[in-house]
Amino acid sequence: MKKLFLLMCILCLSSRLLIAQEPIRIQTKNTELILRVENKELKQVYFGEKLPESGTILNERGRYPAYSAFGLGEQNEVALHAVHADGNTSTKLDFVGVTQAQEGDDVTLTTIQLKDPVYPFFTTLYYKAYVNNDLIECWSEYKHQEKKPVTLYQFASGQLSLKNRSYWLTHFTGDWAGEFNEKQVELTEGIKIIDTKLGTRATFYNHPVSFISLDKPATEDEGEVVGLALAWPSNYRFLFEKNSQQELRVLAGMNPYASQYRLKKDEVFKTPSLMYSYSKNGKGEISRNFHSWARTHWLHNGDKDRYSLMNNWEATYFSFDEPALQSIIQDASKMGFDLFLLDDGWFGNKHPRNSDNAGLGDWQVNKEKLPNGIGWLVKECVNNNIKFGIWLEPEMVNPKSELFEKHPDWVIQQPNREHRLFRNQLVLDLSNPKVQNFVFETVDQLLKENPDIAYVKWDCNRAITNGGSTYLAPEEQSHLWIDYGRGFLSVMDRVRTNHPDVHFMLCGGGGGRLDYGSLKYFEEYWPSDNTDALQRVFIQWGNSQFFPAIAMCCHVSASPNHQTQRRTPLKFRFDVAMSGKLGMDLQPRSMNENEIQFAKEAINTYNRIKNTIFTGDLYRILSPYENNVATLNYVSPEKDKAVFYAYRLKSHISEVSPKYKMKGLDPDKKYKLNEINIFPGEGSSISGLQETYTGAYLMNSGLSLRLNGDYDSVVLEVEEII
Ligand code: GLA
């Protein structure tokens, strides 16, 4: 009763807001979005730096629809296009009410109800403000009570309008072994679309994140920038439309491409979340906002420690047996890793998984390779004081498998067309609840039968083509892309409800699937199958724009590298991998004594500094895109600890070496430096090392470092002297 009364009070308060036409302010610590109702229409008045409590802008009229709909006055791309049961192609979104509620200490939720005045079609807009992270999450919901289905053709998660002199879009392209390449273009009049149509691979060939910098190209530390990320693992679209008035409309959400959706009476259509963050201090601050938000509010176990791990993929590929794995487990444990991860190739009997052409879908242990089962391997790990993890690719199937023989109708396919294989496999149809159950039970049972499995690498090695479903009705075939994404997230939700403490790695043939929709259910992700340390400097630089270091798996692998054939020193490989979550993908028996010793010490050091990497603020300093060196550092929230990295990518004779400056320290604090990962027999890289440095000196004057030749590197541990 009390609750009802409170709710009524809130509703009354909100309707008073409407009558008084007061602004709806969605505020974070430093930014805000202001909306206002005018003639029943919800308008965007302002988005940017937080404003004083009173001021002229608060009384300004809104120029832009906060959420546009097709069919009436609109002349641009729209957020919503619904065709009603009677064929009317237009929708009017009249304001009905707004509520604002506190959700936890630093989160507020603004809910705005809209309704078509004639049709029983309801739209709800949600804006969640993460106050301390300067980040807004928005999504929308539609529902109707028309007699027949309403067809949705456009269904954006959110809309933003900007008015500046010019707009620079930074987006990130990706391909297998070549993820997260930074591209910047000035937007001209017309439409620029960043999207994917590959179903399972949100990241190919463009990642679902972008920056829009206002008036000039984006830099790390200055300028107005808006960062955008869509939390959706399937087809997505970011659309940027600039008009002749230099106004920019940003729409983002599920990709409407070939995806019209028949919404039944009373069914709720919920869009995925769009996150955005504004800064007047460049891209670096936006990255830090996303990182801290992801750690505190989004990532699964975002604030918990991670396992450093040894993965056997590049060590053995498909050919291993118990003694081979036993030796890797023992070596991994001696080096100090926390966990051994058994990769692809452990399953299938009728169709053994000895290459990628058979066995996928048959999740029974291969008796020839592992006669004593998973239990034996787990025990080996326990005996060696190391945890055990396992690779799965539960959404996929090889035609050469018992699963496909039994359920050929479970794969995504078009009637009367031949299957198209990719990596010799097909995609299971996750729009089908039976298939969802199969995938859930595969994982659930494996983890229940082997409670000591501490880690799962969840892979997804192909995109969807031939997008048809034997489960969906003929008139609902276009639902596949959306229902697949929803099916996947719903399976993950069930898996994580039953297994909250197992760590999950998100993998998609490298970084083919990386988005905040998936990451809600994962502790970490695999950025790329390309483990070449030089290329990883770029790939990790790209990933760091939106995703935090605690989630980024970085593995030391062999030299020459298996993907690029490049030879790099072990120190360089460790120094690069130690700027994220450390692991190894390499046959330890190929290492000599010196290397093993170096690795042991590096892992030990990593355990000492990892908290600063995981929870610290990232500052990117010299970009590998603009220099022959790349530098970055992490600084703890208290600014009492930091880790600084410098990588030399290419050496040039007579090149003037830069002063190596840090960022984000306290200028007044005194710090000492400790160079870590010095290879046996090699000296310090710091010229004229002093006992004490002020933060101001380290940030403004900078250090002279000796970096000689290609792939030389330096890592410094920085600690406050109290
Ligand atoms: C994908 C992953 C790799 C490895 C292989 C196994 O390519 O990205 O790390 O697990 O599959 O087949």
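Student: In the loop between which helix and which strand is the place of Asn424? After that, please take me closely through the part where domain 2 touches domain 3.

Tutor: Happy to, and do keep in mind that this is a predicted model. Asn424 sits in the loop that runs between helix H6 (402–406) and strand E25 (426–427). Most residues other than glycine have a negative phi.

Now to the domains. The assignment for the chain gives domain 1 (2–297), domain 2 (309–617) and domain 3 (620–720). Between domain 2 and domain 3, the contact takes 31 residues from domain 2 and 33 residues from domain 3. The C-alpha centres of these two domains are 34 Å apart.

How much area is buried between domain 2 and domain 3? The figure is about 2,700 Å², and carbon and sulfur atoms give 65% of it. On the domain 2 side, Trp541, Lys571 and Thr612 lose the most area to domain 3, together 25% of what that side buries.

Polar pairing is there too. Twelve residue pairs are in polar contact across the interface of domain 2 and domain 3. The count of salt bridges between the two domains is one. A salt bridge links Glu717 with Arg608, whose closest N and O atoms are 2.6 Å apart.

Which helices build the domain 2 side? Helix H10 (533–543), helix H11 (570–577) and helix H12 (593–615) each supply at least two residues of the side that touches domain 3. The largest share, ten residues, comes from H12. By residue type, that side of domain 2 divides into 15 nonpolar, nine polar and seven charged.

The peptide bond joining Ser559 and Pro560 is cis, with omega of about 0°. Most peptide bonds, by contrast, are trans.

Finally, let us turn to the ligand. Of the 13 residues around it, Asp343, Asp344, Lys457, Gly510 and Asp529 come nearest. For Gly510, a backbone N or O atom is 2.8 Å from an oxygen atom of the ligand. Side chains reach ligand oxygen as well: a polar side-chain atom of Asp459 is 2.9 Å from an oxygen atom of the ligand, and for Trp391 an N or O atom in the side chain is 3.1 Å from one.

Technical notes. Residues are numbered from 1 along each chain as its sequence is written. This is a predicted model: local features need pLDDT of at least 70, side-chain atom pairs count only at pLDDT 80 or more; totals for chains, interfaces and linings use all residues. Side-chain values use heavy atoms; hydrogens and water are left out. Domain bounds come from an automatic or database domain assignment. Contact means heavy atoms within 4.5 Å. Buried area is the accessible area (1.4 Å probe) that two parts lose on being put together, summed over both. A salt bridge is a side-chain nitrogen of Lys or Arg within 4 Å of a carboxyl oxygen of Asp or Glu. A polar contact is a pair of N or O atoms within 3.5 Å; within protein, one must be able to donate a hydrogen and the other to accept it, and residues adjacent in sequence count only if both atoms are side-chain atoms. Helices (H or I, at least four residues) and strands (E, at least two) are DSSP runs, numbered from the N terminus. Ala, Val, Leu, Ile, Met, Phe, Trp, Tyr, Cys and Pro count as nonpolar, Asp, Glu, Lys and Arg as charged, and the others, Gly among them, as polar. A residue is near a molecule or strand if one of its heavy atoms lies within 4 Å of it.
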